Amino acid sequence: MASSDEKRLMEMLADPATQRKAFEQVVRQYSEQLYWQVRRIVLTHEDANDVMQNVMLKAWTNLDSFRQASKLSTWLYRIAINESLDFVRHQKAASMMSADDDAGIANTLMADEYFDGDETEAQLQEAIAQLPDVQRTVFNLRYYDNMKYGEMSKVLNTSEGALKASYHIAVKKISDFFKQRD
Amino acid sequence: MDMNEEKYLNERMSKQNPFRVPEGYFDDFATQVMAKLPERESQPVTAKRVSFRPWMAVAASLVVAIFSVAVYFTQMGGQQEQPQQASATVSDAYMDAAADYAMIDNAEIYAYFVEN
C-alpha cells in the first residue's frame, strides 16, 4: 500500500466519525494475508476462522494503542501471531489434561476436508508444529512469506540476529525431518 | 552449511499451499466481521488528556499558594507549608490499552526465545 494511502487510512482510523468505515477497509485489505499467518499456526480452517474473529475484535478494541510506532501491517501481524500462539498453547494444555488419545497432528490433517496435502505434507506440518513457538513463527514468516528480517524484527520485537539464529535452527530441524525419511 | 541446508529444503519441500478455505470465505469475511463489531467507546484524542494536567497543576498551585499565604499571615513565624505537587493521573484504562499490544506480549516472546 502506498504510504500516502496508509497515512490517509490511519487518519480515518483516528477519527471517531470515520473509524468504522476505515476499519472495514483495513479488514478487507489485510484479512487474507493475516488468515494465512494464523492458519499455518493453528492448522485447521475452523480454528483459523475463530482466531481471525478474535484478531479483528482485538484490533478494533485496541485501535487507540496503535497511535505510535509501526506500520499498520506490523501491528496487525503482531496481534495475529500472538492470538495464534495463545490458541495453540491453550489447545496443548487442554489436550494434556484430557484422557483421550491424541490422534496426532498429521492424522488430524489427513482427515481434514480443507487440507489437500499428502501424508508427507501432513507429517511435515506436524514437524513444523513441534518446533518451539518462536522458531516455528520465524520459519513460517521467512520460508513461506519471505519476510525480511528487519520487518520480522518489528513484528516480533526481537533482534535480527536472534531471528536469524532461530531460522537456521528451524531449517536444520526440518531438514533432519526429511533426511530421516530419505 | 546453513545455505546448503536451506537449498536442500527448497528441493524437498514444495512451497505449494496444502491448506484450502471454503469457497467465498474471504469475500464474506469482512462483512461478517463488521456486523459483529461492537460500537467503540472512543478514547478522547491524546492531546485532550495531556492538556488537562497543566490546568490542574496551575489550579492546585494557586489554591495552595493562597492557602500558604493565609496560613503565613494568620500564624506569623509559623512554619510555611510546602506547595503540593499536583498529580493528575491519566486513566489506567487508557494506559492498559496502550500497553496491551505495545509491550506485554513482547516479554512473552523474549521469554520463549530465551527458553529455546
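Helices (H or I, at least four residues) and strands (E, at least two) are DSSP runs, numbered from the N terminus. The model is predicted: local features need pLDDT of at least 70, side-chain atom pairs count only at pLDDT 80 or more, and totals for chains, interfaces and linings use all residues. Residues are numbered from 1 along each chain as its sequence is written, while chains are lettered from A and ligands numbered from 1 in the order in which they are written.

Chain A has nine helices and zero strands. Its pattern along the sequence is α-α-α-α-α-α-α-α-α. The C-alpha atoms of chain A fill a box of roughly 55 × 35 × 30 Å along the principal axes. Of the 182 residues in chain A, 34% are buried. A residue counts as buried if 20 or more other C-beta atoms lie within 10 Å of its own, as exposed if 12 or fewer do, and as partly exposed in between; C-beta atoms are placed from the backbone. Two residues are in contact if their C-beta atoms, placed in that way, lie within 7 Å. Among contacts in chain A with a separation of 6 or more, 55% join residues 24 or more positions apart.

The largest nonpolar core has 44 residues. Such a core is a set of buried Ala, Val, Leu, Ile, Met, Phe, Trp, Tyr and Cys residues joined through C-beta atoms within 7 Å. Residues with the most contacts inside this core include A:Leu34, A:Met52, A:Leu76 and A:Val138. Elements giving two or more residues to the core include α2 (19-42), α3 (45-61) and α4 (72-97) of chain A, and also α2 (25-36) of chain B. The most comes from α2(A), with nine residues. Domain 1 (1-102) and domain 2 (121-182) of chain A both contribute, so the core lies between them. These domain bounds come from an automatic or database domain assignment.

Leaving aside neighbours within four places in sequence, A:Val138 is in contact with A:Met152, A:Leu163, A:Ser166, A:Tyr167 and A:Ala170. A:Met152 belongs to α8(A), where A:Met152, A:Val155 and A:Leu156 are buried. Viewed down the axis of α8(A), its buried residues fall within an arc of 80°, so they line one face of the helix. The arc is that of the directions from the helix axis to the C-beta atoms. Just after α8(A), A:Asn157 adopts a positive phi of about 50°.

A:Ala111 sits in the loop between α5 (105-110) and α6 of chain A. A:Ala111 is exposed, because 10 other C-beta atoms lie within 10 Å. A:Glu11 is 100 residues away along the chain, and the C-alpha atoms of A:Ala111 and A:Glu11 are separated by 46 Å.
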